Amino acid sequence: MRNTNETIKAVAFDLDHTLYDRNSTWSRLAPQFAQDFCLFLPGGMESAALLAALRRADYRATYEETSWTGMHRLLVGDGILSGAVSCASFRQFIDRWFPPSIVPYPDTFSVLGWCRKAGLRPSVITNGHRELQERKIAAMGLRPWLDHCIICDLDVGSGCKPAPDAFLQLARMLNLSPGEILYVGDNPVNDIQGARGAGMRTAWLNVMDNWQPEIRRADYEISCLSQLKEMIPVPTTQTMDEGGSFMPCIKLFTNLALPRERQERLKARFGQAIELIPRKTEKWLMCIFHGGCGMWFQGEPGNLAFVEIGMFGSLDRQCCDALTAEMMSIIGNELDMAPDHIYIQYQPTDCWGWNGKNL
């Protein structure tokens, strides 16, 4: 049973229809569809009619068929697409063209940024074909904005929303009770009923006017993501500043001398590099330099460095990859050091002391 008195400490989102505008995406995608399938569409069909048919079939497939197979069946059944076009060919088109055609809502990234700034640890739980969902997420550049992303693979079947598995998995990953998480989605069954069944609070994003009367209403109803800012009370411990949710610290150990002027240059460049982690700036960065250390690598001395990067919270692998490349470049340039003589270790933690208390 959900405890409605619990403070909201994290916000999780559905992906499709929730973090991007599906109708605008089809507006961008329809001309390519007409080009690729021109020989298999009704003769003389106008572009506006085709767009309306695609949106209608997508809506029905999303909320009734829940698959691209269903959309293909509907398009063929409605006489929009010739039966000569196989479902496999239709899926190949979707896999190739849908991800780069995605149009995020105007407030998607400002809201994700606000969640991070407020310490609300934004995450995603999405149903879909894993490879396609991964491509959508990559095309949108979502990973750096998220604490966690759970893809419920429709090709596997079990554990997909509205089953509670993924919702409870996210709660464990965040180390929170389900009642401390607000789940935002557009689908009354998969999102609202599913998240509520797992004990989460729910916000229905009403962009398709598709509520089902037999389902109990969500805790909140919103028409755009920005309304979340008005309805979620953020505890003062979570609003310390835009860098507070990750509190980065970079330690550099090297057997080379690090005079003050060299430390100043490294500190300035580390301050720029840390911005590769979303919402992080030099303002909350602590740098610690240890020069003249006794260090050996492969049994030999030489120009060596060990970097430890600590942060409060979790880290995305793509962000770490980008930061590693930049740190290697900085240290290589400043210390005349080969990248294969540098180690970098990441130390994310859920317990970080600051200002007299643990965050």
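Trainee: Which residues do ring pairs link into a cluster?

Mentor: In this predicted model, the count comes to 15 aromatic pairs. Ring pairs join eight named members into a cluster: Tyr 20, Trp 26, Phe 33, Phe 37, Trp 68, Phe 90, Phe 93 and Phe 98.

Trainee: What geometry does the pair of Trp 68 and Phe 98 have?

Mentor: The ring centres of Trp 68 and Phe 98 lie 5.4 Å apart, with the planes at 65°. Planes over 60 degrees apart count as edge-to-face. The pair of Trp 68 and Phe 98 is therefore edge-to-face.

Trainee: Which parts of the chain does this pair link?

Mentor: The two residues are 30 apart in the chain. Trp 68 belongs to helix H3 (residues 68–77), and Phe 98 belongs to helix H4.

Trainee: Is Trp 68 buried or exposed?

Mentor: The relative accessibility of Trp 68 is 7%. Buried means under 20%. Trp 68 therefore counts as buried.

Trainee: Which residues of strand S5 are buried on each face?

Mentor: Strand S5 spans residues 201–205, and five of its five residues are buried. Both faces are covered. One side holds Arg 201, Ala 203 and Leu 205, and the other holds Thr 202 and Trp 204.

Trainee: In S5, what is the bridge partner of Val 184?

Mentor: Strand S4 (residues 181–185) runs parallel to S5, and four bridges join them. The partner of Val 184 in S5 is Ala 203.

Key:
Residues numbered from 1 in each chain as written. Predicted model: local features only at pLDDT ≥ 70, side-chain atom pairs only at ≥ 80, totals over all residues. Heavy atoms only, no water. Phe/Tyr/Trp six-rings, centres within 6.5 Å; stacked < 30°, edge-to-face > 60°. Buried < 20%, exposed > 50% of the residue type's maximum accessible area, 1.4 Å probe, protein only. Pairing = 2+ DSSP bridges.
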